[in-house]
Amino acid sequence: MREFTSELPRRIASPYTHSRPLPAYRGILAVDAKDFTGRPAIEHEAVSRAVPELLKTALSRADLGDLWEDRRFAASTGDGYVFGFDPARMPFVIHPLLLTLQDVLTDYNVLSYGAVPIRLRASVHVGPLSDTGDEFSGNGTARNDTHRLLDSRPVKAVLASHKENITHVASILSDRCYEDAVAGGYTGRHPDHFVEVAATVDGKSFSQRAWIYVPQPSGPLYEEASDANTSEESAPEAARPQPHDDTPAPQVSNSAPSGNLNTGTVHGGQSVANHHVAGDHVEGNKAGRVRGFQGDQVRGNKYEGRQ
């Protein structure tokens with residue numbers, strides 16, 4: 001009788017049946033090019049080839065070239081790249097690597113080194129992953145979650161809303177990475193550089209606490225409270241609709257030496273315009289919770305008119 005044993009796939013391990021050693025913990029870095037599928041097909045190969053080269057260059061500039069040489073279960077994802085690394089190096093992957101990657105992409109895009117501009121989303125995670133060294137190596141929940149974070153709504157929204165000529169990298173860290181490397185004080189970036197978000201993916205049953213980090217921001221980093229899922233009953237008292245009251249609101253007359261005048265009752269956000277100081281001009285709804293760089297720029301002599 002012919003033996004087929006060697007030709008059959010390895011038996012799948014049954015979970016929960018007995019204890020066994022955890023696979024080694026690995027840090028995982030994944031990057032994805034923005035709007036890859038919207039590009040003309042003729043550009044796809046160029047982008048696919050450029051992304052790992054940009055990562056390699058950034059690692060070299062950040063004095064982390066050994067991470068590239070020692071990378072585990074590395075793979076191209078078509079519009080991006082992923083690889084595993086020693087988790088002890090996680091603080092250095094968060095900083096200075098992500099900032100250096102921003103600088104490398106600035107050179108590539110703004111200084112016209114590349115004919116095809118590339119902006120990247122990056123996700124960083126850590127967890128136990130098998131490392132067999134073959135083409136199936138590195139599969140597991142931690143790997144899956146890394147890609148879910150990369151595709152999550154907050155990091156996509158940040159990169160889309162920031163200026164394309166300034167912000168070339170937007171990253172998202174898993175909560176485990178943040179707690180161990182950032183909150184633990186091992187990373188050369190203060191926790192105030194990071195914004196907590198609820199990472200969700202459209203069409204996927206995925207929701208995790210995560211942290212946005214943008215090395216070179218050019219817009220607001222909004223703290224994503226789940227406003228869309230908040231009912232009137234669960235909203236704070238000040239945010240709930242108030243009963244209609246026909247009593248006229250008291251009028252208050254104030255004056256300000258710098259020319260900013262606020263009268264009457266203000267509900268919600270407010271608009272302020274200063275006509276006596278050149279260069280300062282704020283409009284729109286400034287309500288809501290905002291952390292990080294807010295994109296306000298002042299040009300000209302702000303003391304003009306006071307001299």
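Which side chain of opposite charge is nearest to the buried R143, and how far away is it? The first legend gives the answer.

The model shown is predicted, so local features are given only at pLDDT of at least 70 and side-chain atom pairs only at pLDDT 80 or more, while totals for chains, interfaces and linings use all residues. Residues are numbered from 1 along each chain as its sequence is written, and side-chain values use heavy atoms, with hydrogens and water left out.

**View 1. R143, a buried residue without a salt bridge.**
R143 lies in helix α4, residues 141-150. Helices (H or I, at least four residues) and strands (E, at least two) are DSSP runs, numbered from the N terminus. R143 is buried, and D131, the nearest side chain of opposite charge, is 9.1 Å away. Buried means under 20% relative accessible area, exposed over 50% and partly exposed in between, with a 1.4 Å probe and protein chains only. Lys and Arg count as positive, Asp and Glu as negative, and His and the chain ends are not counted. A salt bridge is a side-chain nitrogen of Lys or Arg within 4 Å of a carboxyl oxygen of Asp or Glu. A polar atom of the R143 side chain lies 3.3 Å from the backbone oxygen of G138. This is a polar contact, meaning a pair of N or O atoms within 3.5 Å; within protein, one must be able to donate a hydrogen and the other to accept it, and residues adjacent in sequence count only if both atoms are side-chain atoms. Setting aside residues up to four places away in sequence, R143 touches I28, F73, A75, V82, L129, S137 and G138; contact means heavy atoms within 4.5 Å.

**View 2. D79, buried in a loop.**
D79 sits in the loop between β2 (72-76) and β3 (80-85). D79 has no salt bridge, and the nearest side chain of opposite charge, R121, is 5.7 Å away. Apart from neighbours within four places in sequence, the contacts of D79 are V31, D32, A33 and F36.

**View 3. Helix α3 and its kink.**
Helix α3 covers residues 90-109, 20 residues in total, and reaches 27 Å from its first C-alpha to its last, close to the 28 Å expected. The expected span is 1.5 Å times one less than the number of residues. A kink of about 35 degrees is centred on L97; the bend at a residue is the angle between axes fitted to the seven residues ending there and the seven starting there. P96 belongs to α3, and the peptide bond from H95 to P96 is cis, with omega near 25 degrees.

**View 4. Salt bridge E45 to R49 in helix α1.**
Side chains of opposite charge can pair when their charged atoms come close. The closest N and O atoms of E45 and R49 are 3.0 Å apart. The two residues are four apart in helix α1 (residues 41-61), so about one helical turn separates them. R49 is exposed, with a relative accessible area of 58%. The count for the model comes to 12 salt bridges.

**View 5. Salt bridge R153 to D202.**
The side chains of R153 and D202 meet at 3.7 Å, N to O. This pair links distant parts of the chain, 49 residues apart: R153 is in helix α5 (residues 153-161), and D202 is in the loop between β6 (194-200) and β7 (207-213). R153 is partly exposed at 49% relative accessible area, whereas D202 is exposed at 58%.

**View 6. A network of salt bridges around R209 and E196.**
R209 and E196 form a salt bridge of 2.9 Å, N to O. R209 is in strand β7 and E196 in strand β6, 13 residues apart. Both are partly exposed, R209 at 38% relative accessible area and E196 at 28%. D175, E179, E196 and R209 are linked in a network of salt bridges. E179 lies in helix α6, residues 175-182, and is partly exposed at 36%. Leaving out residues up to four places away in sequence, E179 touches G184 and R209. E179 and P191 are 12 residues apart in sequence, with their C-alpha atoms 9.9 Å apart.

**View 7. Positive phi at D35 and D63.**
D35 is not a glycine, yet its phi is positive, about 60 degrees. D35 is in the loop between β1 (25-33) and α1. D63, also a residue other than glycine, has phi near 60 degrees. The loop between α1 and α2 (65-69) holds D63, which is exposed with a relative accessible area of 66%.
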